[in-house]
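Please read this briefing with the sequence and the 3D structure in view. The topics are listed one after another below.

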Amino acid sequence: MELTRDQARMQWDIFHEMSEHEQVVFCNDKESGLKAIIAIHDTTLGPALGGCRMYPYRTTEEALEDVLRLSRGMTKKCAAADVDFGGGKAVIIGDPASDKSPELFRAFGQFVESLNGRFYTGTDMGTTMEDFVHAMKETRCIVGVPEEFGGSGDSSVPTAEGVMNSLKAVNHVLVGHQDLTGKTYAIQGLGKVGYKVAIALLRAGANLYVSNLQPEACLDIQAVGKTLGQRVDIVTGDAIFDVKADVFVPCARGGIINDQTIPRFNVLAIAGSANNQLMDVRHADMLNQRGILYAPDYIVNGGGLIQVADELYGSNKKRVQVKTHAIFHTLVDLLTTAKEKQLSSETAAEQFIKQRIVCRSKRNHFFTGHLRPKWAIRQEKGMF
Ligand SMILES: NC(=O)C1=CN([C@@H]2O[C@H](COP(=O)(O)OP(=O)(O)OC[C@H]3O[C@@H](n4cnc5c(N)ncnc54)[C@H](O)[C@@H]3O)[C@@H](O)[C@H]2O)C=CC1
Ligand SMILES: O=C(O)CCC(=O)C(=O)O
């Protein structure tokens, strides 16, 4: 029997929704119009770390569901990348194209500061480094702002490098080498990460199908392809799920691997930066049954996290590069183990992550949770 709206409301329980999470903070600031949710999933390995997404969610439930899923993914990502942080994430409910203001991000910063070092944040889909320059005036817990403001800069650069290392790992597992010349990739989303991946793939001699909400980015990539002598076909809407390619590279929203899309994919593998690509864990088994190799997103897209975590240890570009390169080896080992054990890559990854959290939780953490000086002190010291 279907529940009435009132019955459904009465049965809905936030503690049930967040039963795997430590803390969820609803942030409301009337003056700036800020409506945000911060979710802290698991701090076993250290303070929560994860970006802040801005999106015009239709309902609060939709925003809550997204932030709970994203923060759960961050716990896995931190463990996979072997950093001393736990999983957290924030979402701001609003349209990034029209609802941003310095006041909105300052208000968000105040809420982050109120958590007193339990949560560090920076950019994600719909937000930019510049947005967080406003937020950092109110909190010591912002990462990934431009270098001139004391941050480690654009985290989409190492994220894109990590995606490229993953695409080489996938090629290695599929055909025994890392050379991407002549391969075809279907990229969904040409934003901060997808655009950089597209350029890197063209330079590596690959051909592309691309799709993006704003057509300008597709046209730019097509022009670059022409200069380099590589084919770039622009695809609109969700036709990107149907194209015949070697690898589908999701670099936009999550949930794109689901009951509807799996029968449509015409690729050998899926590996991209989008967070939470699987609508449900069982979809990894469905991909396995179709013989499509799936590279778990929280391993592929760990480069940005590696950079912002490293910033809190005192930024070292070489260290970030080495750890981002390690994504290649982590993925080759994982995909090989999954094949040997006849498991889906997602199940194998979850086993590996669980083991790592148990093992790492027993050692002393390198990051001891110190807070950085406040903005005013940093200004006094002439840092900006
Ligand atoms: N920026 C980073 O360093 C990291 C990003 N990610 C994830 O990677 C994904 C992309 O992130 P960013 O590039 O930073 O975001 P972004 O906001 O800069 O770019 C997203 C792009 O996807 C496009 N898009 C959205 N829906 C689409 C659709 N249905 N079809 C085609 N294109 C679509 C948009 O037009 C936009 O250009 C997100 O899922 C994000 O959570 C994960 C780890 C780190
Ligand atoms: O890339 C960042 O700034 C933080 C890491 C993160 O939120 C992510 O990897 O999804």
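Against which elements do the buried residues of α11 pack? They pack against β3 (48–49), α3 (60–81), α6 and α12 (317–341). This is a predicted model, in which local features need pLDDT of at least 70, side-chain atom pairs count only at pLDDT 80 or more, and totals for chains, interfaces and linings use all residues. Residues are numbered from 1 along each chain as its sequence is written, while chains are lettered from A and ligands numbered from 1 in the order in which they are written.

**Overall build**

- The protein has 14 helices and twelve strands; helices (H or I, at least four residues) and strands (E, at least two) are DSSP runs, numbered from the N terminus.
- The radius of gyration of the protein is 21 Å, close to the 21 Å that the globule rule gives for 384 residues, so the protein is as compact as a globular protein of that length.
- That radius is taken over C-alpha atoms, and the globule rule is 2.2 Å times the number of residues to the power 0.38.
- The C-alpha trace spans about 60 × 55 × 45 Å along its principal axes.
- Of the 384 residues, 48% are buried. A residue is buried if 20 or more other C-beta atoms lie within 10 Å of its own, exposed if 12 or fewer, and partly exposed in between, with C-beta atoms placed from the backbone.
- Among contacts with a separation of 6 or more, 67% are between residues 24 or more positions apart. Two residues are in contact if their C-beta atoms, placed from the backbone, lie within 7 Å.

**Domains**

- The domain assignment gives domain 1 (10–71 + 87–142) and domain 2 (156–359); such bounds come from an automatic or database assignment.
- The C-alpha centres of domain 1 and domain 2 lie 25 Å apart.
- Seven residues of domain 1 are in contact with seven residues of domain 2. On the domain 1 side, the touching residues divide into four nonpolar, two polar and one charged.
- For these classes, Ala, Val, Leu, Ile, Met, Phe, Trp, Tyr, Cys and Pro count as nonpolar, Asp, Glu, Lys and Arg as charged, and the others, Gly among them, as polar.

**Ligand 1**

- Ligand 1 is surrounded by 27 residues, of which the closest are Gly189, Gly191, Leu213, Ala252 and Gly304. A residue is near a molecule or strand if its C-beta atom, placed from the backbone, lies within 6 Å of it.
- The shell around ligand 1 holds seven nonpolar, 17 polar and three charged residues.
- Helices α6 (156–175) and α7 (192–203) each supply at least two residues of this shell, and the largest share, three residues, comes from α7.
- Both domain 1 and domain 2 give residues to the shell around ligand 1, so ligand 1 lies between them.

- Ligand 2 has 13 residues around it, and the closest are Gly51, Gly122, Ser155, Gly304 and Leu305.
- By class, this shell has two nonpolar, nine polar and two charged residues.
- Helix α11 (residues 303–311) gives the most to the shell around ligand 2, with three residues.
- Helix α11 is mostly covered, with nine of its nine residues buried; among them are Gly304 and Leu305.
- Ligand 2 lies between domain 1 and domain 2, because both give residues to its shell.

**Strands and sheets**

- An open sheet of six strands runs in the order β9-β8-β7-β10-β11-β12, with parallel pairing. Its edge strands, β9 (232–234) and β12 (293–294), each pair on one side only.
- Two strands pair if DSSP finds at least two bridges between them. Strands β7 (residues 184–188) and β10 (residues 247–250) pair in the parallel sense over four bridges, and Gln188 stands opposite Pro250 in β10.
- Strands β1 (residues 23–29) and β2 (residues 34–42) run antiparallel and are joined by seven bridges. Phe26 has Ile37 in β2 as its bridge partner.
- β1 and β2 form a hairpin with four residues between them, and Gly33 in the turn has a positive phi of about 85°.

**One residue: Val197**

- Val197 lies in helix α7.
- Val197 counts as buried because it has 27 C-beta neighbours inside 10 Å.
- Leaving out residues up to four places away in sequence, Val197 touches Ala160, Val163, Met164, Ile187, Val249 and Cys251.
- Val197 and Lys30 are 167 residues apart in sequence and 39 Å apart in space, C-alpha to C-alpha.
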